[in-house]
Amino acid sequence: MDAEGDTPNWLELPRDATFNILLRLDTIQILTSVCQVCPLWWNICKDPSLWRSIRMKKPFNSSYDLVKICQYAVQRSCDRLEDIDIEQFATDDLLKCLSEHASNLRCLRLQDCSEISDEGLIEAAKHFPLLEELRLSYIDLSKNSFESLGQSCPHLKTLNYAISFDFSSFDDNAFAIAKTMPELRHIRFLVYELTDDGVLAILHGCPLLESLRLDCYVNFISESLKKMCCEKIKNVSFPLYSSGYSKDCPSENESGYSNLDDEDKYEYDSDDDEFTIRYALSDNEYAVHYTRLHDVISKGY
């Protein structure tokens, strides 16, 4: 405390307490300012244990070279990185850095990273043999990408995937997933089109599934197959075009899925041919994706 006894001296905190506090700060904050406060904090920021988890989102009007900052954090982990979440700035160069310094990676989340290529992701995945959770949104992947991901990451248990502007059927990708990812427990897709063939392949190839959520803009999944999914899998949801065959997914803490109840998460307005989806609750990227996808299609692109 200071002389008046009302302001703590943060530099007098035990190292463990300081470490615990810094662990909760944003990666960009740590590497651009926190590490410069004092020698003690600088040394703590160099501790590889601080970098087991990295979460970075591109700030509005940021002037930082976020790829370099993230690469520095990855290198600081000294191969102890287990969980990384990147939004809006990941590139093939960053994936290459991960492949060289994150062989113990368990969870990879990449959102709205348009500069990532099929080739870059395929090559990087070869170095993530322990990966269990993969979440990709607004990154268009080919069938070959899904096959390579499954072959390189045999322990995948969770797969979340949201398309960008690919308006083709997702069936071929579903076949690749069913062929190479038999250990999957949780699947969530936001795709343009999926048919019975793709869903049946997943049911056959992923027998350990505990939760399945399929958001399809064009839905060719039969009601009988939806019912079959609900009979075989504990938690199933076809949120936008369901006909009663829906069971709530578990909470985020239980399975990596949000506890999505259709009436709570989405609000629907229908007026003749107009169909809009409003963002009803926070942290629901899928509602945002659907709105953007609908806008593009309605313009005829």
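## Strand E3

In this predicted model, Cys107, Arg109 and Gln111 point one way from strand E3, while Leu108 and Leu110 point the other way. In a regular strand, side chains alternate between the two faces of the sheet. Five of the five residues of E3 (residues 107-111) are buried, meaning under 20% relative accessible area with a 1.4 Å probe, protein chains only. Strands (E, at least two residues) and helices (H or I, at least four) are DSSP runs numbered from the N terminus.

Residues are numbered from 1 along each chain as its sequence is written. Local features need pLDDT of at least 70, side-chain atom pairs count only at pLDDT 80 or more, totals for chains, interfaces and linings use all residues, and side-chain values use heavy atoms, without hydrogens and water.

## Pairing and crossovers

E3 runs parallel to E2 (residues 83-87), joined by five bridges; strands pair if DSSP finds at least two bridges between them. Asp83 has Cys107 as its bridge partner in E3. E3 also pairs with E4 (residues 133-137) in the parallel sense, over five bridges, and Leu108 has Leu134 as its bridge partner in E4.

E2, helix H5 (residues 92-101) and E3 form a right-handed β-α-β unit. A right-handed unit is also made by E3, helix H6 (residues 118-125) and E4. Right-handed means that, with the strands pointing away from the viewer, the path from the first strand over the helix to the second runs clockwise.

## Asp118

Asp118 lies in H6. Its side chain makes a polar contact of 2.6 Å with that of Ser142 (N or O atoms within 3.5 Å, one able to donate a hydrogen and the other to accept it; residues adjacent in sequence count only if both atoms are side-chain atoms).

Note on methods: Buried means under 20% relative accessible area, exposed over 50%, partly exposed in between (1.4 Å probe, protein chains only).
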